[in-house]
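Visitor: Can you walk me through this one? I'll ask as we go.

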Protein chains: 2
Amino acid sequence: MASTLKRIDALKQAAFREDGIDGFLIFNSTNLTYFTGFSGASALLIPKNGESRVYVYGVNYAHAKAELGEFMVELVERGELMTDIAKQTKVFKIGKLLVDALNIESWRALAESLGDEKELAADNSFIRELRKVKDKKEIDLMRKAAELTSEGMRVAYETVAAGMREYEVAAEIEYAMRKQGSSGTAFETIVASGVCSAFPHGGCSDRKIREGDLVVVDVGATYKFYRSDMTRTFVAGKPSEKQKKVYQIVKTAQEKAVEAVKPNVKTKDVDGVARKIIGDAGYGEQFVHNLGHGVGLEVHEPPTLGPDSTDTLEVGNVVTVEPGIYLVSYGGVRIEDTVLVRRNGAEKLTIGSYALGEE
Amino acid sequence: MASTLKRIDALKQAAFREDGIDGFLIFNSTNLTYFTGFSGASALLIPKNGESRVYVYGVNYAHAKAELGEFMVELVERGELMTDIAKQTKVFKIGKLLVDALNIESWRALAESLGDEKELAADNSFIRELRKVKDKKEIDLMRKAAELTSEGMRVAYETVAAGMREYEVAAEIEYAMRKQGSSGTAFETIVASGVCSAFPHGGCSDRKIREGDLVVVDVGATYKFYRSDMTRTFVAGKPSEKQKKVYQIVKTAQEKAVEAVKPNVKTKDVDGVARKIIGDAGYGEQFVHNLGHGVGLEVHEPPTLGPDSTDTLEVGNVVTVEPGIYLVSYGGVRIEDTVLVRRNGAEKLTIGSYALGEE
């Protein structure tokens, strides 16, 4: 709990530095979890002067009272969230209020409740910046999520074989992660075989894996809200020369890109390392996505590692490095790890080196 | 695919009846799945006059081309979605455009791209109405999702026992559903034991179940995007007289409410049936949530079954019926099924009648 109060203090220091802003209102459910450590809140009002308030509906009220000891918890009746908040902004004498994110319809309801005299602005950038740098507690949880993910991938390696259906492989992976304490998957598990492996988000169907298929396995465990993300590519049986060649290019690109991950390096330059290796090998057009993305409470969050990214890496960022080559109507190869940016370079949180197939 | 084109036609007929509206723009990812059958689109533009366009980023483009044979698919470069759409609205001569749902920041970007001459309005009600009534294909998929969920609950019944950790029970449930073809859970599985069972969204922790604990198990499988939702309450060991009494009240409330589910009945009246039984038994204050909610592509969608609901049931609605009694610091009981509204009444899609505990 203490760590979430520190996060609120950090947000106050960043957001209230600007003149005239004296309130921050949070609606996004992931941001609410970040600042309260609880997943059942509906809003959080952070005043410049006064004590923050968490708004909770009846269904979660007893739970919130039990978990949110250090917060003022307000019980909200259905349909009264915006008016309750508006009343409280008067008590706090809030003139200009920043909102993290809101649907256009709710935005209008809020603006109406606040009336004309109050200024309302949408700005998620302060929170994005905070969430990009993980604190010690977050890193511990992500290390655990990555450990569970690595265990899932070990099971994938043992399970992938001709004759298995894609979802049967996913069942074994998820069971292994869950039995060891995962709270669930970080995203829908991908087990994409044969021609489907050429679709980066190939999903997982009831297709039977065939001898010689490329099989892209992309999995993540969640542990106490924190996520992880890992991909390996296997061949069911003996890999062909072409498969080995494409695999080796992606593997080299991934290793060199991981080596390039350091504080103060531009994310587009890390992307460039992998993109150049794949481009020089003649597959530039077949690397159809960014090199990676931040991971944390969400599986995709800032910073982004792509050719157009403007981010610079910092100590405490947790990002994926995941180059791929996708040959439509043939198959695809992707290799991905979740890595932590440390003072001296990247630490791989997901771990596991596997053979492409039977050699 | 044909069924998704029918859905677009139905939307056109509903939305373009009003004067002057000549375009519909869909951004919500679930709505996009509903109208395209594909989960990787970023936007769908439906003109009154002309052929609909699906907007897709590079990472999903090959996949979209393979799956969306009956749609025009537009490849979008990062950062150019709103301007691409704005250009196309000119080609279609669209004057007034409805949008299903959009974040305030994206809304402003869209409005800017469109310029002042075009009218923009947010309205999700047409799609909400369409999605409330499931077509045959949807019902088939929900039946399968419910069958997988019922299998998961059977495993829960066999697994819950003193000494098991909550997440270990969840692991067995999810494995059973997944092995039979589920694409994943419909929501985070709840296995909430002891005092935690008194929190309706009690989650699932590493707590060890103790002899005599109430254990609320709330699970759902997803099958080809469609979800299901089911809750049973067990006791680890021999139930006490108080546990049996509270359980029997909830069971009667659930059965009578399911019997009240019929076309043309107001959802608040169905809620009232259960609420009266629980209130008469002296636990009205401890039934802290609505009776139920619609289920489909999302686990919570219209219609709502609560005291303040304004919906009326129709043939083809799929809703949950889930009364509960939550005694803080003691434990809770909830019983829930997903039911289909048919001409003559409710058909339970989730099935399984279990003893509360050892008798």
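Visitor: How does the lining of the largest cavity divide by class?
Guide: It has six nonpolar, three polar and one charged residues. Ala, Val, Leu, Ile, Met, Phe, Trp, Tyr, Cys and Pro count as nonpolar, Asp, Glu, Lys and Arg as charged, and the others, Gly among them, as polar. Keep in mind that this is a predicted model: local features need pLDDT of at least 70, side-chain atom pairs count only at pLDDT 80 or more, and totals for chains, interfaces and linings use all residues. Side-chain values use heavy atoms, without hydrogens and water, residues are numbered from 1 along each chain as its sequence is written, and chains are lettered from A and ligands numbered from 1 in the order in which they are written.

Visitor: Which residues line the largest cavity?
Guide: Among them are Leu214(B), Lys242(B), Ile325(B), Tyr330(B) and Val333(B). Helix H9 (241–260), strand E16 (324–327) and strand E17 (331–334) of chain B each give two or more residues. Helices (H or I, at least four residues) and strands (E, at least two) are DSSP runs, numbered from the N terminus.

Visitor: And what volume does the largest cavity have?
Guide: About 30 Å³. On a 1 Å grid over the protein atoms alone, a cavity is a set of points where a 1.4 Å probe fits but cannot get out; a pocket is an open set with protein on both sides within 12 Å along at least five of seven lines; lining residues have an atom within 4 Å of a point. Points are joined across faces, edges and corners, and the volume is the space filled by probe spheres set on them.

Visitor: Pockets next. What volume does the second largest pocket have?
Guide: About 260 Å³. Its lining has 18 residues, with Thr4(B), Gly37(B), Lys137(B), Leu141(B) and Phe225(B) nearest the centre. Domain 1 (2–131) and domain 2 (136–348) of chain B each supply at least three lining residues. Those domain bounds come from an automatic or database domain assignment.

Visitor: Over to chain A. What is the strand order in the open sheet of three strands?
Guide: E7-E10-E11, with antiparallel pairing. Strands pair if DSSP finds at least two bridges between them.

Visitor: Why is one side of E7 and of E11 left without a neighbour?
Guide: Strand E7 (184–185) and strand E11 (226–227) of chain A stand at the edges, so each has a single partner strand.

Visitor: What is the bridge partner of Gly184(A) in E10(A)?
Guide: Thr222(A).
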